[in-house]
Amino acid sequence: HIYPNGIDFAAHPALADERDAIPRFLFVAAQFTAWHGLDRVIAALAEARTSCEVHVVGHCSVEQLEAMANDLRFICHGALSIEQIRTLSTNMDVGLSSLALERKGMTEACTLKVREYLAGGLPVYSGHIDAALPSDFPFYRIGCPSLEDMIGFANEMRGYSRAEVREAARPYVSKTEWVKSLANWLRTLP
């Protein structure tokens, strides 16, 4: 039985949907380290001139800020409160998760960030497996940081409402659901 991270689902209401024609990505980390893969997103955008925005929330190094400085598609916000992130998220198409987890020697993770994105109704583009989500879960895409692939996923996700994403994610991200599942599993043990 697995018992992954979960969140208080009720504490993360669905986001308002204020998306428009520009594909927008939200990348949140307290501190962007190598395993987040921000450098890979920077490289992906450098290879293509496609219109989009990547909103970077959290502390970046001087080198990271310099690498993004000449590309107006990057909007660096620094550290924001939870409410500020929620407000910013209303016009985002996709939340980005770690894109270089193998740099930590890992291939799977069940991060709180992914749970928070999904609970708000924001689909996720990631570089790693999330063992709590079914492999065919439509709102969690595993891929490399290719701008073409990221925008393709964002455009595909425009066909779904925040509520659809949120409700599909509920059984996989709610702490309450995981506690029930664990209790049921424990009852089966001799």
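## Strands side by side

Six bridges join strand β1 to strand β2, and the two run parallel. This is a predicted model. The pattern continues on the next strand. β2 and β3 also run parallel, joined by 4 bridges. Here Val 56 has Cys 76 of β3 as its bridge partner.

β1 also pairs with β4. Strand β1 covers residues 24-31 and strand β4 covers residues 94-96. They pair in the parallel sense over 3 bridges. Phe 27 stands opposite Leu 96 in β4.

## The whole sheet

Now put the strands together. The sheet is open and has 6 strands, in the order β3-β2-β1-β4-β5-β6. Its pairing is parallel. The edges are β3 (74-78) and β6 (140-142), and each of these pairs on one side only. On average, neighbouring strands are turned by 25 degrees against each other, direction ignored. Strands of a sheet pair through backbone hydrogen bonds, either parallel or antiparallel.

How much of β2 is buried? The count is 6 of its 7 residues, so the strand is largely enclosed by the rest of the structure.

## Helices that link strands

Helix α1 (residues 38-46) makes a right-handed unit with β1 and β2. Helix α2 (residues 62-68) makes a right-handed unit with β2 and β3.

Look at helix α3, residues 82-89. Which of its residues are buried? They are Ile 85, Arg 86, Leu 88 and Ser 89. Seen down the axis of α3, the buried residues fall within an arc of 165 degrees, so they line one face of the helix. Glu 83 and Thr 87 lie on the other side of α3, and they are exposed.

An α-helix has 3.6 residues a turn, so residues three or four places apart point the same way. What does the buried face of α3 pack against? Its buried residues meet β1, β2 (53-59), β3 and α6 (162-173).

## A buried arginine

Arg 24 belongs to strand β1. Its relative accessibility is 8%, and the cut-off for buried is under 20%. Arg 24 therefore counts as buried. Leaving aside neighbours within four places in sequence, Arg 24 is in contact with Glu 53, His 55, Asn 91, Met 92, Asp 93 and Val 94.

## Helices against helices

Helix α6 meets two other helices. With helix α7 (residues 175-187), α6 packs at an angle of about 45 degrees, and the axes are 6 Å apart. The two are therefore oblique to each other. On the α6 side, the contact is made by Arg 170, Pro 171, Tyr 172 and Val 173. On the α7 side, it is made by Lys 175, Glu 177 and Trp 178.

Helix α4 (residues 112-120) is the other partner. The axes of α4 and α6 come within 6 Å and cross at roughly 140 degrees. α4 and α6 are therefore oblique to each other. In α4, the contact residues are Arg 115, Leu 118, Ala 119 and Gly 120. They meet residues of α6 that include Arg 162, Val 165 and Ala 169. Tyr 172 of α6 takes part in the contact with α7, and Tyr 172 also takes part in the contact with α4.

Notes: Residues are numbered from 1 along each chain as its sequence is written. This is a predicted model: local features need pLDDT of at least 70, side-chain atom pairs count only at pLDDT 80 or more; totals for chains, interfaces and linings use all residues. Side-chain values use heavy atoms; hydrogens and water are left out. Two strands pair if DSSP finds at least two bridges between them. Axes are lines fitted to C-alpha atoms, for helices over the stretch in contact, and angles run from 0 to 180 degrees between N-to-C directions. Buried means under 20% relative accessible area, exposed over 50%, partly exposed in between (1.4 Å probe, protein chains only). The arc is that of the directions from the helix axis to the C-beta atoms. Contact means heavy atoms within 4.5 Å. A crossover is right-handed if, with the strands pointing away from the viewer, the path from the first strand over the helix to the second runs clockwise. Angles under 35 degrees count as roughly parallel, over 145 as roughly antiparallel, 65 to 115 as roughly perpendicular and the rest as oblique.
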